[in-house]
Amino acid sequence: MKKAGIIGIGSYVPDKVLSNFDLEKMVDTSDEWIKTRTGISFRRIGPENACTSDLGVEAAKRALENAKLSPEDVDLIIVASASPDMIFPSTACIIQSKIGAVNAAAFDIQAGCTGFVYALTSAVQFIGTGLYKNILVIGAEMLSRITDWKDRNTCVLFGDGAGAAVVSEVEEGGILSSVLGADGTGADLLALPAGGSKEPANPDTITNRRHYINMNGNEVFKFAVRILEEAARKAAEKANLTIEDVDFIIPHQANIRIIDAAIKRLKFPREQVVVNLDKYGNMSSASIPVALDEAYRDKKIKKGDKLILVGFGAGLTWGANLLEWNLED
Ligand SMILES: CC(C)(COP(=O)(O)OP(=O)(O)OC[C@H]1O[C@@H](n2cnc3c(N)ncnc32)[C@H](O)[C@@H]1OP(=O)(O)O)[C@@H](O)C(=O)NCCC(=O)NCCS
């Protein structure tokens, strides 16, 4: 198998900021509650005339520029999203057309907030076998479109954004191990119930607000803490390393209490954990690539650093990649 690594990275978040104080005017909540229970202060909201693919396009262009490649060089696009433009066709096909990646195959992956890790792991296989050379892996979300702005249990958590990575063959480093998992018995814990074949759209599904994110927060919380630790440890083991060998952990950005509890269990230094959820909330499959891009641009991570990307989400799903960073600062 050839070695695969990230040779370009980029991200994009919309300009519009929604603060906890704005939310105080929309639902029965407070800045204090949101901050202490989640760690979130702000989130970004996409423009009315945009959709998920538009955010993905901006991130993809930045990643290609960083990789010094043109859209014609891309031979596969994988998009992870829990809020695709449509059920079909895939958002990957729409992005392919919008950026003019005329030589690329394209498909979507649905793995909730673990989407980017699933997509990156898939890209590693295609590079490994030599089937494709340059793969755009995109995590893009317009969660604001599927958020119930009347439900205080969920609407304070999510935000819009996109992150992208170009994955290609590398001589050294790159993605050293990957772990993916799923437990479909937890499917009902986090879902968008209607609009698919089970509950097709009808006046009742609209009245009952079944086209919005529905979540059992407490159960997801417990699962998340346990699985973040497990997945990160497994990724290290699979790479014949230990957690002590890792320079930075970039976890899915859902709730600061989830991250802190998992990091404590891992006995990993807190200052080596990349966290940006205070600014953006939970951007589902965009959270990890946006945090990774920001850490790279802030010169926090350097070539040769060992990183763990670790996520969890609807499905239930989870996953982790351990990689040795290939990009120069
Ligand atoms: C959703 C979450 C923040 C709730 O935090 P929590 O500390 O578990 O709070 P609880 O659910 O126990 O609710 C405590 C109280 O706060 C209330 N509450 C919920 N949301 C609130 C809000 N935005 N503002 C004020 N009060 C709120 C609840 O109604 C409850 O009130 P009650 O005790 O009168 O019934 C937390 O469970 C969580 O983050 N879960 C994981 C969610 C997640 O990450 N999902 C995405 C996974 S990819």
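View 1. The model is predicted: local features need pLDDT of at least 70, side-chain atom pairs count only at pLDDT 80 or more, and totals for chains, interfaces and linings use all residues. Residues are numbered from 1 along each chain as its sequence is written, and side-chain values use heavy atoms, with hydrogens and water left out.

**View 2. Helix H5, residues 115-129.** Helices are DSSP runs of H or I with at least four residues, strands are runs of E with at least two, and both are numbered from the N terminus. H5 is largely enclosed by the rest of the structure, because twelve of its 15 residues are buried (under 20% relative accessible area, 1.4 Å probe, protein chains only). Among the buried residues are Phe116, Tyr118, Leu120 and Ile127.

**View 3. Arg43 in strand S3, residues 42-45.** Arg43 is buried but has no salt bridge (a side-chain nitrogen of Lys or Arg within 4 Å of a carboxyl oxygen of Asp or Glu). Asp22, the nearest side chain of opposite charge, is 6.9 Å away (Lys and Arg count as positive, Asp and Glu as negative; His and the chain ends are not counted). The side chain of Arg43 reaches the backbone oxygen of Val156 at 2.7 Å, and a polar atom of that side chain lies 3.3 Å from the backbone oxygen of Ser41.

Key
Buried means under 20% relative accessible area, exposed over 50%, partly exposed in between (1.4 Å probe, protein chains only). A polar contact is a pair of N or O atoms within 3.5 Å; within protein, one must be able to donate a hydrogen and the other to accept it, and residues adjacent in sequence count only if both atoms are side-chain atoms. The expected span of a helix is 1.5 Å times one less than its number of residues.
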